[in-house]
Number of protein chains: 2
Amino acid sequence: MIAENQATRRYVGQSVRRVGDGRLLTGAGTFVDDVRLPGTLHATIVRSPHAHARIRGIDIDAAAAVPGVVAILTGQDIADMMQPIETRPDAPPGRVLRRYPLALDRVRFVGDAVAVVVAHDPYTARDAADLVTVDYESLPAVVDAEQALKPDAPLLYPEWGSNVAYDWTIDHGDVEGAFARAARVVSLRLVNQRIYAAFVEPRAAQARFDPATGEMTVWASTQVPHTLRGGIAAALGMHEHAVRVIAPDVGGAFGSKGGIYPEYVLTAALSYRLGRPVRWTETRRESFLATNHGRDQIQILRAAVTDDGIVLGLDVDLISNLGAYSAATVATRTALMSGGPYRIQNLRVRVRGVMTNTTPTGAYRGAGRPEAAYMLERLMDAIARELALDPADVRRRNFIPADAFPYTGATGVVYDSGNYAGALDEALRRIDYDRLREEQRAARAAGRLMGVGLAVYCEFAGPGWDSATVRVLPSGAVVVTTGISPHGQGEETTFAQLVADELSVALDAVTVRASDTAITPQGIGTFGSRGTSIGGSAVLLATRQVRDKARRIAAHLLEVAEEDVTAADGVFSVRGAPDRAVDFATVARAAYAFTGAPGGLEPGLEATAYFMPPGRTFPFGAHVAVVEVDPESGRIQLQRYLAVDDCGPLINPQLVEGQVIGGLAQGLGQALQEAIVYDDAGQPLTGSFLDYGPLRAPQIPPLAAVETAHTVTPSPFNPLGVKGVGEAGTTGGPPAVVNAVLDALAPLGITHLDMPLTPQRIWQAIQEAKTR
Amino acid sequence: MIAENQATRRYVGQSVRRVGDGRLLTGAGTFVDDVRLPGTLHATIVRSPHAHARIRGIDIDAAAAVPGVVAILTGQDIADMMQPIETRPDAPPGRVLRRYPLALDRVRFVGDAVAVVVAHDPYTARDAADLVTVDYESLPAVVDAEQALKPDAPLLYPEWGSNVAYDWTIDHGDVEGAFARAARVVSLRLVNQRIYAAFVEPRAAQARFDPATGEMTVWASTQVPHTLRGGIAAALGMHEHAVRVIAPDVGGAFGSKGGIYPEYVLTAALSYRLGRPVRWTETRRESFLATNHGRDQIQILRAAVTDDGIVLGLDVDLISNLGAYSAATVATRTALMSGGPYRIQNLRVRVRGVMTNTTPTGAYRGAGRPEAAYMLERLMDAIARELALDPADVRRRNFIPADAFPYTGATGVVYDSGNYAGALDEALRRIDYDRLREEQRAARAAGRLMGVGLAVYCEFAGPGWDSATVRVLPSGAVVVTTGISPHGQGEETTFAQLVADELSVALDAVTVRASDTAITPQGIGTFGSRGTSIGGSAVLLATRQVRDKARRIAAHLLEVAEEDVTAADGVFSVRGAPDRAVDFATVARAAYAFTGAPGGLEPGLEATAYFMPPGRTFPFGAHVAVVEVDPESGRIQLQRYLAVDDCGPLINPQLVEGQVIGGLAQGLGQALQEAIVYDDAGQPLTGSFLDYGPLRAPQIPPLAAVETAHTVTPSPFNPLGVKGVGEAGTTGGPPAVVNAVLDALAPLGITHLDMPLTPQRIWQAIQEAKTR
């Protein structure tokens with residue numbers, strides 16, 4: 001019976017300043033390219049200009065003759081020294097996908113890596129790379145996932161017999177019965193377009209293999225240093241303990257730096273081969289070509305609906321364009337979330353992953369959940385339109401009720417907690433929904449295209465386990481190491497807040513270290529809104545072990561039984577005799593006394609915890625967008641945006657707001673502007689920021705127009721109760737905005753548009769509507 | 001009831017090759033001076049040419065005008081920015097010793113630091129340092145510790161009123177009674193001379209303070225990175241978590257790199273002040289002047305002896321020369337060990353630490369124990385001579401018997417285990433002692449000066465606790481981190497042997513990391529023969545926790561109860577069904593499965609253990625030296641040397657032999673040749689390798705003449721049973737050799753000589769004996 005810590009909560013819940021911002025804002029960050037090792041060689045990759053071709057030969061002689069070139073290697077050259085990357089170890093037999101960092105005999109997308117040139121400086125490497133001549137035999141290409149499903153489509157992996165990497169179906173309840181009973185069937189065909197993560201820092205890796213020690217250190221712009229370590233060790237046949245991966249400052253990742261990139265493994269292999277440090281940094285053009293793209297999903301929905309707008313059943317067909325080498329199961333996340341916040345127990349969802357001659361696709365902020373939310377929220381508005389109901393009412397009638405949690409969805413996922421109606425009500429209250437609709441009526445009467453869009457989303461977050469070590473040093477200073485790998489999320493700050501409160505020490509007495517496999521316990525990394533719910537919970541558990549041991553030590557120092565020690569505000573005192581007390585620093589010093597800890601306790605004051613939650617968290621929210629469309633230009637003006645999110649308790653409100661706003665900038669980008677486009681031959685038409693535009697600062701709605709708010713529904717699945725918030729904006733944003741625009745355009749009879757809602761596309765739709 | 005690991009011991013006990021030797025032998029080691037950081041500044045220290053003086057003023061103008069000089073700081077300059085080093089936090093009031101890295105107003109030895117010059121390169125710094133002009137007011141100096149005790153001696157710390165830093169007495173049993181009962185009193189006055197550790201790599205530190213992060217990294221040639229971290233943080237007022245200390249390869253330390261050197265703290269302070277990396281590397285001359293010296297102890301003994309040579313009582317007066325700033329309690333170790341392997345319960349020992357105007361003294365290989373062994377073994381031979389007994393017999397009659405352990409000595413130390421008679425018997429058997437004495441008689445008859453010297457020593461080793469983390473990675477590779485800081489002892493190898501056997505994995509699947517505060521649990525470091533007994537035991541305990549968890553995971557994978565799992569040779573199988581089995585790598589993978597560890601166990605497969613033994617270990621041994629003295633030159637030829645040591649079980653016999661031989665090279669150096677000498681004014685006369693000669697390779701007896709052997713008496717105080725062996729050679733060596741030489745010279749009537757036994761000293765003694 002140990003008394004609970006009576007500490008005052010001084011930091012948790014406060015918007016304390018983010019650690020390290022000063023460093024980044026003054027240009028003193030350390031990104032991979034800032035790691036300067038003497039004698040570093042520079043690698044440039046020769047990439048395919050063909051979407052699909054056989055390699056008949058590679059002539060490196062002219063390139064090799066360039067002074068300063070150290071080595072040129074082709075796929076065949078490195079095949080001897082390394083294993084391919086197992087991009088999908090769990091694939092069914094016959095669908096196994098092993099990717100060599102350089103193509104062996106066939107290229108499958110424009111940008112596929114064919115050879116690498118290593119030189120003393122990057123300019124020489126680039127020039128020499130242009131002199132590498134590849135003899136290609138062009139092959140027919142397929143770009144569109146639906147086309148790739150056709151029997152006569154060109155095959156990327158002829159040995160498979162088709163382009164289908166996976167084809168899964170979930171069928172729950174009585175879908176056919178639901179459609180038989182339905183008053184209406186509402187159908188939609190949606191394209192969730194391919195986009196690019198548009199991080200500021202391109203992918204980069206620097207590897208230093210030390211032949212003297214046999215040890216490899218890799219600095220990489222990555223979200224998952226431990227996973228990358230395992231991948232590099234496996235590829236090079238090294239012991240995992242001989243590889244160290246460090247993610248220094250990472251200039252944006254958004255899910256797209258979450259895997260084992262072939263270029264990173266290649267950079268390590270080059271250093272291993274050449275015995276010198278090697279750096280590879282992609283150009284922006286390369287980044288567009290060869291960094292995993294996100295989304296690219298075709299969604300075909302049929303909903304069985306009552307006259308009241310209640311969804312009796314749902315039939316979903318998802319076709320995911322995987323690109324040339326991806327094994328991403330992003331679309332299966334869409335499938336699992338295809339019930340969303342709605343009580344739809346008769347549900348069938350088929351999901352197919354299809355190979356095409358395009359850049360591989362993978363995770364991008366939300367990774368499948370935004371696609372699910374987009375699909376369902378478009379559906380809800382379509383039902384409302386079909387039945388002339390208010391979109392808010394349709395949603396309310398379908399929500400999983402707040403008292404139904406934990407709730408098992410039709411797809412088998414267990415929702416931890418939620419109050420969707422509560423979030424929507426809060427949003428409608430804050431936005432003054434009724435007045436908004438009045439304003440809209442007035443606007444319409446005046447011929448203005450004003451629209452209001454709702455999106456109520458939920459997503460499942462926090463996969464896997466993660467780890468933390470909390471080590472109190474003899475002075476009482478605390479070092480926290482975590483298996484997650486923060487790269488902007490701010491856990492260096494929030495974890496310190498947690499620990500400082502739990503141990504009742506000053507915030508600056510705590511430091512948080514991450515993103516270096518040599519100093520952290522094994523971890524999984526940062527993605528999927530897992531950092532705080534999983535990593536933070538591990539920190540909390542470890543901290544509580546430390547606190548309990550500190551109390552045991554204090555009991556010995558105070559010469560009383562452990563039950564008689566109370567802890568408050570960093571001081572341990574005897575129950576009923578508060579002047580008999582020792583402070584935390586004294587306890588720390590005693591833990592490390594040269595002659596042993598008090599009472600024969602094991603010396604030391606540290607603990608390591610691995611936390612595996614019993615299930616996923618389900619962050620949710622209700623977003624409202626208010627837009628006006630200029631019928632002349634097709635330009636959309638976002639007049640107001642309200643995001644009511646529920647991520648459980650807020651550890652640092654300012655950081656939460658930063659996540660929401662940042663996500664929103666990207667969500668609005670997808671809704672309004674961004675798209676990776678190919679021609680039919682597989683040539684990308686969006687290979688630079690000239691062609692592909694994420695929202696620029698002036699396009700992001702002024703903060704005055706964006707309001708963030710929160711409901712707080714703690715998760716029962718972790719001790720912090722937190723749910724994650726990083727994906728709120730990319731999940732809620734696109735459907736809210738698109739629904740608002742379609743709502744604005746409704747008087748013109750326009751019922752469907754696919755993203756991005758560029759002025760051109762809007763203008764064209766308006767012109768077409770006018771001529772109908 | 002968990003079945004014990006049935007693993008075959010494959011590595012422990014084998015002389016597997018030392019990890020990292022290839023790297024060092026090919027010149028690929030990384031010492032502090034190999035750490036090359038861009039923009040590094042170089043520091044040179046201006047040192048006092050006076051043994052004792054007041055600083056009246058310092059003129060830096062000429063030095064500051066040298067192009068390339070960045071900063072010049074004096075003691076007054078840095079006093080503002082840092083706290084002094086608490087060299088003896090436990091000192092009695094009035095004897096507190098705080099040392100500033102640069103002297104404030106008084107210098108106390110030749111080499112005392114007065115100012116520091118920082119420049120773009122070390123040559124400029126050196127040149128400019130010569131231009132710093134210090135106005136000294138010379139003060140009378142005292143060099144000899146006995147002189148320093150006199151009432152009229154110059155005082156180093158006038159406020160103390162004397163030069164005595166400490167004065168302790170242990171008085172046990174009835175000493176006066178013993179002397180009253182004694183048949184004889186044997187007296188000795190011995191000088192254990194001051195020596196220098198003579199490591200290959202001089203002391204060096206490089207500090208990088210990063211103003212952007214507020215973090216300090218210090219690379220230092222040290223044995224105690226964690227202690228140094230704490231010291232630097234305290235001196236600079238930084239959080240301990242913001243300081244990282246890395247000991248890269250260390251080119252010899254031998255106890256003399258075990259403290260918080262002011263130059264290291266100063267280097268950190270300079271980087272903090274200047275915001276740039278700063279390096280300081282001592283020259284060899286500086287090293288002689290300013291690195292702690294070892295030994296320097298005057299021993300005045302009186303033994304109350306029976307006619308049979310049994311020591312009834314012992315009265316010891318120890319005077320330790322601490323030099324100018326030392327707080328070393330080395331001599332108290334001599335006091336505590338002044339019973340040695342002998343049952344002497346009537347014992348009085350007084351020990352005084354005395355300040356003098358010389359370089360501070362501190363730990364050197366053995367740190368007080370060699371002094372105790374030397375004193376007792378000289379005594380045993382003196383008793384034998386006095387009573388015309390065989391030296392072996394005198395020892396046998398006084399040994400603590402093998403059945404008396406654990407044995408509490410008169411000084412309060414608890415001897416863990418021992419069998420001194422066993423070691424001596426083994427030594428005499430191996431050396432064929434009786435034949436040796438016959439040979440000696442024949443030699444003497446032929447006029448040759450042949451001598452046989454014995455030394456039976458024991459010492460107390462393994463102070464404090466230490467730590468280890470054993471982390472199995474998902475691939476099954478194992479990373480061990482340890483709080484000790486190996487620098488030649490070979491624990492990177494021996495710990496891997498322990499872990500590989502315990503987990504039944506291949507030796508190269510295990511790597512051991514140390515000497516970096518960022519990657520290791522808090523530790524104490526490597527000194528006092530503590531590395532393996534304390535650090536290795538922590539590794540063993542952590543490994544066993546890992547093994548037990550691996551077994552629990554295996555039980556879940558095999559779907560049986562834990563009691564039904566047996567482990568052998570890296571495979572876990574079902575008891576009675578050996579074909580139902582999983583290997584270690586499968587268990588490791590399962591521990592880190594993304595979806596959680598089997599059976600809902602906490603994910604991960606690692607453990608951290610801190611080990612505090614219940615008491616010290618007492619390594620011991622019996623050494624025999626056979627010499628012949630050339631009466632014409634006074635030169636000593638070491639004909640044979642036998643070292644029978646007992647350090648408990650041998651984990652890696654080759655490494656143990658390396659420790660014995662290496663220690664012997666230093667022990668013989670002290671016996672024969674080495675001495676730091678001052679003139680009466682405090683000017684050192686041995687400031688370079690020209691004046692001070694450690695044994696050079698040709699002087700070290702050929703390996704053919706040196707035999708090492710072992711008895712094995714495990715310690716009950718740690719789970720490995722090991723005792724430590726690093727100090728065997730420096731402890732057994734000097735008395736064995738000196739006793740042998742005195743035995744050789746006995747026919748000439750020479751009964752006493754102090755070390756070092758240089759040819760000159762021997763020759764002089766022979767000449768004096770001839771003229772007597």
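**View 1. Helices H18 and H19 of chain A cross at roughly 40 degrees in this predicted model.** The two helices cover residues 653-672 for H18(A) and 728-745 for H19(A), and their axes come within 7 Å. An angle of that kind falls between the cut-offs of 35 degrees for roughly parallel and 65 for roughly perpendicular, so H18(A) counts as oblique to H19(A). As for handedness, H18(A) goes past H19(A) in a right-handed crossing.

**View 2. Zoom in on the residues where H18(A) meets H19(A).** On the H18(A) side you'll find, among them, Gln659(A), Ile661(A), Gly663(A), Leu664(A), Gly667(A) and Leu668(A). Their counterparts in H19(A) include Ala728(A), Gly729(A), Thr730(A), Gly733(A), Pro734(A) and Val737(A). Sort this contact by class and you get 10 nonpolar and 10 polar residues, with no charged ones.

**View 3. Chain A splits into three stretches of domain, two of which are shown here touching: domain 1 and domain 3.** Domain 1 takes in 21-28 + 463-611, domain 2 has 32-139 + 203-281, and domain 3 is made of 378-459 + 618-771. Between domain 1 and domain 3 of chain A, the C-alpha centres are 40 Å apart. Each of these domains puts 14 residues into the contact. On the domain 1 side, helix H15 (491-503) and helix H16 (531-558) of chain A are the elements giving two or more residues. H16(A) has the largest share of that side, with 6 residues.

**View 4. Chain B meets chain A through 40 residues on each side.** Four elements of chain B supply at least two residues each to its side: helix H7 (225-236), strand S21 (466-472), strand S22 (478-482) and strand S27 (606-611). The largest share, 3 residues, is from S27(B). By class, this side of chain B comes out at 20 nonpolar, 13 polar and 7 charged.

**View 5. Here is helix H14 of chain B, with Gly447(B) just after it.** H14(B) runs over residues 433-445, and its end C-alpha atoms sit 18 Å apart.

Conventions: Residues numbered from 1 in each chain as written. Chains lettered and ligands numbered in written order. Predicted model: local features only at pLDDT ≥ 70, side-chain atom pairs only at ≥ 80, totals over all residues. Domains from an automatic or database assignment. Contact = placed C-beta atoms within 7 Å. Expected span 1.5 Å × (residues − 1). Nonpolar A, V, L, I, M, F, W, Y, C, P; charged D, E, K, R; others polar. Axes fitted to C-alpha atoms, helices over the stretch in contact; angles between N-to-C directions. Parallel < 35°, antiparallel > 145°, perpendicular 65-115°, else oblique. Left-handed = near helix turned anticlockwise from the far one by under 90°.
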